[in-house]
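Me: I have a structure to go through with you. Can you take some quick questions on it?

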Amino acid sequence: MKKLTALGLLFALTIVPALAQKKIEFREFTLDNGLHVIMHQDNSTPIVNTSVLYHVGSKNENPERTGFAHFFEHLMFEGSENIERGEYMNIIQGRGGTLNAYTSNDITFYYETLPSNELELALYMESERMLHSKVDETGVETQREVVKEEKRQSYDNRPYGSILIETLKRAYSEHPYRWAPIGSLDHLNAATIEEFQDFYKQFYVPNNATLVIAGDIDYAQVESWVRAYFSEIPRGEGEIYRPNITEPKKTEEIRDVIYDNIQIPAVIQAYNLPPRNHPDSYALSMLSTYLTGGNSSLMTKELVDKQQKALAVAAIPLELEDGGIFIMYGITNMGVAPEDLEAEVDKLIKQVQEEGISDQDFAKLQNIIENNIVSGNSTVSGIAENLAEAHVIYGDTNYINQVMDYYSKVTQEDIKRVAKEYLNLEGRVVLYYLPKPKETTE
């Protein structure tokens, strides 16, 4: 399963007038087994979204068994003791619903949206997934093939498809963020069924999960159903593993060349970011939007439109719980050397570090952010995801109503300051993606 939008991209690429913010009302409670439950009522349309966020991602894996969290994203659609193999999707879709899931370095998120009269079914299905998922040889072998095909299509055979994998392993030397969620197929092939079962028992437990129900609901009825379907699930045994590793600050640039099945070179730059809940994260988000966020961004206007040094420039601000990375990449125009494109990118970064941004550009950034916060809460599925992350990542469900306040405190001087502090030319990763020599191209 793949998330439908790029991970960590918080901002739209167009400017629209500021929308009115509306407070998101919710209620929450915690079961005796540790399951945290958040409910949001919106009776405007007869639909309901049911989501479960498990606080497990690739960072929780054994370095010798990477890819487990992403593998389980697939495996937990196999069925359960009471849901026949392969029927999970068919049941939800047969009732007019949609469903999906995604895995990141920090979390695994499952969700389904159904007509509101099918809410009890969704709660039953998620309780089955939490208590009785099929973790057996048949399911494991089936999903091994699915993951192999995903890796071939999304990473191995896609031009520039290995950018995230190659960047992460150089951006981190000690933290388990150094491998991507797709992990290693060799590790998955070597793992025993007992290892898969142990991973399930450790992480897919109520005290490591947040359940969100958002939409056309009655609070009392939802709480009654939740207690009926989830209270019997036992709390996980033992302490849930969370890495307590601080990535050391880089003092030297890491530079490398990757030969790929491509026709046009690309330049990738990556800078380490602070933890996702760090106060500087808001200024950094605004900075990334200013630099590469759409057709009106600084680098697009200068490098693509004006200088025509690049065919495209973009950014992947990968905001992670323990400290992410800001990845910028540019695809060179015909006849432009990667060194030339890199030099121009560096000039623009230094320009922001020394001069900051104009009043007009700052006002535009504020407008983008406000609109995207409001847009992110314009659907029950968006609200459900934001409520879950507010509770898990920020430790306060009401953060969903406070995020704009944090952005409003960012000043132009803050953006200039974080550009100097975090876009450190001496402590970054730079990769050149070059076409493979003709004799080795397959």
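This is a predicted model: local features need pLDDT of at least 70, side-chain atom pairs count only at pLDDT 80 or more; totals for chains, interfaces and linings use all residues.

Me: What do the side chains of arginine 170 and glutamate 166 form?

Reply: A salt bridge, at 2.8 Å from N to O. The two residues sit 4 apart in helix H5, so about one helical turn separates them.

Me: Which other residue forms a salt bridge with glutamate 166?

Reply: Lysine 169 does, with the closest N and O atoms 3.3 Å apart. Lysine 169 and glutamate 166 are 3 residues apart, and both belong to helix H5, residues 163-171.

Me: Lysine 169: buried or partly exposed?

Reply: Partly exposed, because its relative accessible area is 45%. Glutamate 166 has 14%, so it counts as buried, the cut-off being under 20%.

Me: How many salt bridges are there in the whole structure?

Reply: The search finds 28. One of them joins arginine 85 and glutamate 78, 2.8 Å from N to O. Arginine 85 is partly exposed because its relative accessibility is 32%. Glutamate 78 comes out at 6%, so it is buried.

Me: Which residues are linked in a network?

Reply: Glu253, Arg255, Glu342, Asp346 and Arg428, through salt bridges.

Me: Switching to glutamate 247. Where does it lie?

Reply: In the loop between helix H8 (219-230) and strand S7 (254-260). Glutamate 247 is buried but has no salt bridge.

Me: What is the nearest side chain of opposite charge?

Reply: Lysine 250, 4.2 Å away.

Me: Which backbone nitrogen does the side chain of glutamate 247 reach at 2.7 Å?

Reply: That of serine 173. The backbone nitrogen of glutamate 174 is 3.1 Å from a polar atom of the glutamate 247 side chain.

Me: What else is glutamate 247 in contact with?

Reply: Setting aside neighbours within four places in sequence, its contacts include Ala171, Tyr172, His175 and Asn272.

Me: New topic, strands. In which sense do S1 and S2 pair, parallel or antiparallel?

Reply: Antiparallel, over 4 bridges. S1 covers residues 27-30 and S2 covers 36-41. Phenylalanine 29 in this pairing stands opposite valine 37 in S2.

Me: How many residues lie between S1 and S2 in the hairpin?

Reply: 5 residues. Glycine 34 is in the turn, with a positive phi of about 100°.

How values were computed. Residues are numbered from 1 along each chain as its sequence is written. Side-chain values use heavy atoms; hydrogens and water are left out. Two strands pair if DSSP finds at least two bridges between them. Buried means under 20% relative accessible area, exposed over 50%, partly exposed in between (1.4 Å probe, protein chains only). Lys and Arg count as positive and Asp and Glu as negative; His and the chain ends are not counted. A salt bridge is a side-chain nitrogen of Lys or Arg within 4 Å of a carboxyl oxygen of Asp or Glu. A polar contact is a pair of N or O atoms within 3.5 Å; within protein, one must be able to donate a hydrogen and the other to accept it, and residues adjacent in sequence count only if both atoms are side-chain atoms. Contact means heavy atoms within 4.5 Å.
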